[in-house]
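Colleague: I've just opened this one and I'm new to it. Could you walk me through how to read it?

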Amino acid sequence: MKPRRVGYFGAYIHVVFFLTAVTVWCAVPLAYAAEKAAAPAEANQKPWLLVSMAPGGTSGGCRTVFSVIRDLSGNHNGKIVHFSRITPEMVAELEPAFVILSPQG
């Protein structure tokens with residue numbers, strides 16, 4: 001008895017489906033684990049410090065610089081402090097990852 005043909009690509013479709021399913025089954029957990037390992041926990045990141053140089057407090061330029069650096073660095077633990085309140089003790093206690101002097105305007 002001759003085997004019945006399912007179609008021109010019948011056997012190949014089953015093989016391709018099986019290989020795709022195995023690839024997805026193996027690749028998705030590996031990609032998820034790599035993403036978790038690559039992204040450090042936000043709680044473990046050191047804060048960063050933006051020193052406001054505007055005489056009247058925090059300027060619009062300071063807030064713009066803060067939001068851009070926060071988005072680009074991926075570290076949302078930033079803190080804006082006016083230059084009149086900066087002391088060596090405060091910086092030593094905070095241990096910032098980096099310090100930025102803001103624009104005045």
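Colleague: How far should I trust what I'm looking at?

Modeller: Keep in mind that this is a predicted model. Where pLDDT is low, the predicted coordinates should not be read in detail. For this protein the average pLDDT is 77, and 59% of the residues score at least 70.

Colleague: Where is confidence lowest, and where is it highest?

Modeller: Helix H1, residues 10-38, is lowest with a mean of 65, while helix H3, residues 88-94, is highest at 91.

Colleague: Okay, now the overall layout. Which pattern does the protein follow along the sequence?

Modeller: The pattern is α-β-α-β-α-β, built from three helices and three strands. Of the contacts between residues at least 6 apart in sequence, 81% join residues at least 24 apart.

Colleague: And the strands? What order do they take in the sheet?

Modeller: In general, strands of a sheet pair through backbone hydrogen bonds, either parallel or antiparallel. In this model the three strands form an open sheet, in the order E2-E1-E3, and the pairing is parallel. E2 and E3 are at the edges with a single partner strand each, so one side of each has no neighbour in the sheet. From one strand to the next, the twist averages 25°.

Colleague: How many bridges join E1 to E2?

Modeller: Five, and the two strands run parallel. To trace them, start with tryptophan 48, whose bridge partner in E2 is glycine 78. Then take leucine 49, which has lysine 79 as its bridge partner in E2.

Colleague: Is E1 mostly covered or mostly open?

Modeller: Mostly covered: five of its five residues are buried. In a regular strand the side chains alternate between the two faces of the sheet. In E1, Trp48, Leu50 and Ser52 are on one side, Leu49 and Val51 are on the other, and all of them are buried. Across the whole protein of 105 residues, 19% count as buried.

Colleague: Can we zoom in on one of those? Which residues does leucine 50 touch?

Modeller: Leucine 50 belongs to strand E1 and is buried, with a relative accessible area of 0%. Leaving aside neighbours within four places in sequence, its contacts are Cys62, Val65, Phe66, Lys79, Ile80, Val81, Ile100 and Ser102. Take isoleucine 80: it is 30 residues from leucine 50 in sequence, yet their C-alpha atoms are 4.8 Å apart in space.

Colleague: That leaves H2. How do I read a helix that lies on a sheet?

Modeller: Start with its span. H2 covers residues 60-73, and its 14 residues reach 20 Å from first C-alpha to last, close to the 20 Å expected at 1.5 Å a residue. Next, look for its buried residues: Gly61, Cys62, Phe66 and Ile69. These four are on the same side of H2, because they cover an arc of only 140° around the axis.

Colleague: What covers those buried residues of H2?

Modeller: The cover includes strands E1, E2 and E3. H2 lies across these three strands, running at about 165° to E1.

Technical notes. Residues are numbered from 1 along each chain as its sequence is written. This is a predicted model: local features need pLDDT of at least 70, side-chain atom pairs count only at pLDDT 80 or more; totals for chains, interfaces and linings use all residues. Side-chain values use heavy atoms; hydrogens and water are left out. The expected span of a helix is 1.5 Å times one less than its number of residues. Buried means under 20% relative accessible area, exposed over 50%, partly exposed in between (1.4 Å probe, protein chains only). The arc is that of the directions from the helix axis to the C-beta atoms. Contact means heavy atoms within 4.5 Å. Two strands pair if DSSP finds at least two bridges between them. Axes are lines fitted to C-alpha atoms, for helices over the stretch in contact, and angles run from 0 to 180 degrees between N-to-C directions. pLDDT is the predictor's confidence in each residue, from 0 to 100.
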